[in-house]
Amino acid sequence: MHFYKPESGSRRNPKGKKGKKLCLNWAWIFSAGLLLVLWSAGRMIIHIFTDDRDIVNMTYEYIRILSIAYFLASYFVILNGYIRGTGNTVLPMFSSVFGYWAARLPAAYVLKEIAGYMGICLAIPAGWIGSCIIVRFYIHSKKFAVFMKRQEEAEYERTDRKNQAIYRS
């Protein structure tokens, strides 16, 4: 189902924006809950897998950084889904590739020199930030507005033709 599928006969429908907002709210609640669990019980969870003190400490630092960045990750995933729901699958693919290869790899290379192994951990949120920037700019661009208007008009025409066919029969 498309996030932004207009009702039959209507020219404007905020259904997609409401769906995006609802999903973002749930994603932020989930991210906050995950942050609380990982910060309060993270060491106990890690101890299920190993008792090595160094590994526990390094892993705990890593999951604390990632748990903060889950807010970015959820934002990125929801906006990509919103754009995919409009029928545009190229931009979400491009933003993902950009985030992984053009943002995360260079960030890992630079940050490992500054912060050691934690710099590599920080590169993951850096990739999410890069992807979020691309997606955010696209959603607020004129190109997206024009794309949405064309989609809306095409859906309206399909619905209108379908209604006319039903009326004739």
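Predicted model: local features only at pLDDT ≥ 70, side-chain atom pairs only at ≥ 80, totals over all residues.
Tutor: Start with Cys132, which is found in helix H4. Helices here are DSSP runs of H or I with at least four residues, strands are E runs of at least two, and both are numbered from the N terminus.

Student: Is Cys132 buried or exposed?

Tutor: Cys132 is buried, because its relative accessibility is 7%. Buried means under 20% relative accessible area, exposed means over 50%, and partly exposed lies in between (1.4 Å probe, protein chains only).

Student: What is Cys132 in contact with, beyond its neighbours within four places in sequence?

Tutor: Leu72, Tyr75 and Phe76. Contact means heavy atoms within 4.5 Å.

Student: And how far is Cys132 from Gly99 in space?

Tutor: The two are 8.4 Å apart, C-alpha to C-alpha. In sequence, 33 residues separate them.

Student: OK, big picture. How many helices and strands does the protein have?

Tutor: Five helices and zero strands. From the N terminus on, the order is α-α-α-α-α.

Student: How much of the protein is buried?

Tutor: Buried residues make up 36% of its 169 residues.

Student: Which residues have the most contacts inside the largest nonpolar core?

Tutor: Ile83, Trp128, Val135, Tyr138, Ile139 and Phe144. That core has 22 residues. A nonpolar core is a set of buried Ala, Val, Leu, Ile, Met, Phe, Trp, Tyr and Cys residues joined through side-chain atoms within 4.5 Å.

Student: Which elements give two or more residues to this core?

Tutor: Helix H1 (15-47), helix H2 (53-85), helix H4 (117-139) and helix H5 (142-168). H2 gives the most, with nine residues.

Student: What about a second core? Which residues does it include?

Tutor: Leu38, Ile46, Val56 and Ile63 are among its five residues. This second core is separate.

Student: Back to Ile83. What is Ile83 in contact with, leaving aside neighbours within four places in sequence?

Tutor: Asn88, Leu91, Pro92, Val135, Tyr138, Ile139 and Phe144.

Student: New topic. At what angle do H2 and H3 pack?

Tutor: At about 150 degrees, with their axes 8 Å apart. Helix H3 covers residues 90-115. Axes are lines fitted to C-alpha atoms, for helices over the stretch in contact, and angles run from 0 to 180 degrees between N-to-C directions.

Student: So are H2 and H3 roughly parallel or roughly antiparallel?

Tutor: Roughly antiparallel. Angles over 145 degrees count that way, under 35 as roughly parallel, 65 to 115 as roughly perpendicular, and the rest as oblique.

Student: Which residues make the contact?

Tutor: H2 brings Phe76, Asn80, Ile83 and Arg84. H3 brings Leu91, Pro92, Ser95 and Ser96.

Student: How do they split by class?

Tutor: Four nonpolar, three polar and one charged. Ala, Val, Leu, Ile, Met, Phe, Trp, Tyr, Cys and Pro count as nonpolar, Asp, Glu, Lys and Arg as charged, and the others, Gly among them, as polar.

Student: How many salt bridges does the structure hold?

Tutor: One. The side chains of Lys112 and Glu113 meet there, at 2.5 Å, N to O. A salt bridge is a side-chain nitrogen of Lys or Arg within 4 Å of a carboxyl oxygen of Asp or Glu.

Student: Where is Lys112, then?

Tutor: In helix H3. Lys112 counts as partly exposed because its relative accessibility is 33%. Glu113 is exposed, with a relative accessible area of 57%.

Terms used: Residues numbered from 1 in each chain as written. Heavy atoms only, no water.
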